[in-house]
Amino acid sequence: MGKRIGVLTSGGDAPGMNAAIRAVVRKAIHDGDEVFGIRYGYRGLAEGDIFQMEERDVSDLTARGGTMLYTARYPEFKDAEGRQPAIDQLKKHGIDSLVVIGGDGSYRGAAALAAEGIQTVGIPGTIDNDIPGTEYTIGFDTACNTALEAIDKIRDTATSHLRTFIIEVMGRNAGDIAVWTGIGSGAEQIIIPEADFNMDEIVANIENGRKRGKKHSIIVLAEGVMEGHEFADKLYEYDDYHARVTVLGHVQRGGAPTARDRVLAALFGYKAVELIHEGAAGVCVGMMGEKIVATDINEALESKGHSHDNQVKLYNINTEISF
Ligand SMILES: Nc1ncnc2c1ncn2[C@@H]1O[C@H](COP(=O)(O)OP(=O)(O)O)[C@@H](O)[C@H]1O
Ligand SMILES: O=P(O)(O)OC[C@H]1O[C@](O)(COP(=O)(O)O)[C@@H](O)[C@@H]1O
Ligand SMILES: [Mg+2]
């Protein structure tokens with residue numbers, strides 16, 4: 001007999017979440033399962049916002065940003081009392097397994113449900129790329145490309161006016177978006193939470209660059225370090241560098257997913273349903289060394305993750321090629 005699989009998206013949305021939903025729905029139906037969409041993440045689950053999904057519910061979806069299941073932040077889920085209505089709803093609908101597409105916070109919710117005996121599988125969906133158990137999360141590539149397009153445009157005007165630009169990018173406590181877009185845009189400075197920065201050195205780099213004829217200075221700042229305007233104020237303590245601040249903000253979360261995010265999402269969705277059939281529970285899917293893998297969610301959450309060392313490595317490389 002087929003399974004009854006629930007699927008939800010939770011936390012910040014990410015381009016490619018829709019492609020993951022589609023893959024889960026199609027693979028499950030292909031294998032003879034029934035699939036139930038849960039709207040608004042854990043909140044919708046607790047409130048019973050659940051509907052059966054058919055093959056055509058996910059038509060024309062792969063290219064669309066956002067999430068057709070909508071998403072929510074639902075802090076109540078951190079407490080056992082907040083989770084109980086969700087567990088009751090799953091039982092009421094006879095849903096025996098749940099695919100959670102989200103970030104680290106959503107994984108904690110999934111791990112808590114797994115501890116209650118619900119067969120949960122996590123799919124990493126967040127632009128921040130801050131989840132252990134995978135080298136890449138769905139949405140990260142698209143967010144980087146969107147940010148890059150903006151930074152390239154800022155470079156044009158920065159050069160024309162001989163200005164220093166501080167570009168604040170998202171990533172919560174992780175520097176992944178900053179380091180990737182910093183390298184990708186040829187930024188003179190990248191400021192990330194994973195590496196210390198020294199304002200004297202930054203100022204010296206700007207000054208030296210000017211002496212060597214550089215027409216602009218691009219500083220990509222991860223939001224996890226501080227706000228762009230705070231950084232600009234620190235810079236102004238030294239001199240007037242004609243600094244301007246651009247906060248890229250939520251534009252980074254929208255738009256059609258890139259090829260990489262679409263394919264990653266399809267592979268993750270497919271693997272999640274396979275894992276459910278194998279009886280796996282409390283696991284998350286990921287890509288490691290171009291291979292699709294499964295890791296215990298708790299193990300993944302407890303590990304330091306791939307991110308830190310890799311960020312520092314990329315950061316150090318940038319200091320040698322961009323100055
Ligand atoms: N420690 C936790 N235990 C249970 N559920 C959690 C926990 N942390 C977060 N969640 C749930 O996951 C949701 C999404 O988490 P959030 O950190 O906002 O986004 P993301 O999953 O993208 O990192 C939260 O609103 C909450 O419902
Ligand atoms: O959507 P909000 O509430 O403004 O949150 C912004 C945060 O969400 C993100 O865009 C995505 O984070 P999550 O995936 O953890 O939800 C972060 O980069 C950013 O710090
Ligand atoms: Mg997160």
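Predicted model: local features only at pLDDT ≥ 70, side-chain atom pairs only at ≥ 80, totals over all residues.
Trainee: Into which domains is the protein chain divided?

Mentor: The protein chain is divided into domain 1, made of residues 4-139 together with 257-304, and domain 2, made of residues 143-253. The C-alpha centres of domain 1 and domain 2 lie 34 Å apart.

Trainee: How many residues of domain 1 are in contact with domain 2?

Mentor: In general, the size of an interface is often given as the accessible area lost when the parts come together. Here we can count residues instead: 9 residues of domain 1 are in contact with 11 residues of domain 2. On the side of domain 1 that touches domain 2, the residues divide into 2 nonpolar, 4 polar and 3 charged.

Trainee: What does UniProt place at residues 4-276?

Mentor: The unreviewed UniProt entry places the feature "domain: Phosphofructokinase" there. Within this model, the span of residues 4-276 is 43% helix and 17% strand, and its end C-alpha atoms lie 10 Å apart.

Trainee: At what angle do the axes of helix H1 and helix H9 cross?

Mentor: Two packed helices are described by the angle between their axes and the distance between the axes. The axes of H1 (residues 17-30) and H9 (residues 259-278) come within 7 Å and cross at roughly 35°, and the crossing is right-handed. Among the residues that meet there are Ala 19, Ala 23 and Val 24 in H1, and Ala 265, Phe 268 and Val 273 in H9. By class, the contact of H1 with H9 has 11 nonpolar, 1 polar and 2 charged residues.

Trainee: Which helix gives the largest share of the shell around ligand 1?

Mentor: Helix H4 (residues 104-115) gives the largest share, with 6 residues. Ligand 1 is surrounded by 18 residues, of which the closest are Gly 11, Gly 103, Gly 105, Ser 106 and Gly 109. The shell around ligand 1 has 5 nonpolar, 9 polar and 4 charged residues.

Trainee: From which domains does the shell around ligand 2 draw at least three residues?

Mentor: The shell around ligand 2 draws at least three residues from each of domain 1 and domain 2. The residues around ligand 2 include Gly 11, Asp 128, Met 170, Arg 172 and Glu 223, and the shell divides into 2 nonpolar, 6 polar and 4 charged residues.

Technical notes:
Residues numbered from 1 in each chain as written. Chains lettered and ligands numbered in written order. Near = placed C-beta within 6 Å. Nonpolar A, V, L, I, M, F, W, Y, C, P; charged D, E, K, R; others polar. Domains from an automatic or database assignment. UniProt positions renumbered as here; feature names shortened; annotations may be inferred. Helix = DSSP H or I, 4+ residues; strand = E, 2+ residues; numbered from the N terminus. Contact = placed C-beta atoms within 7 Å. Axes fitted to C-alpha atoms, helices over the stretch in contact; angles between N-to-C directions. Left-handed = near helix turned anticlockwise from the far one by under 90°.
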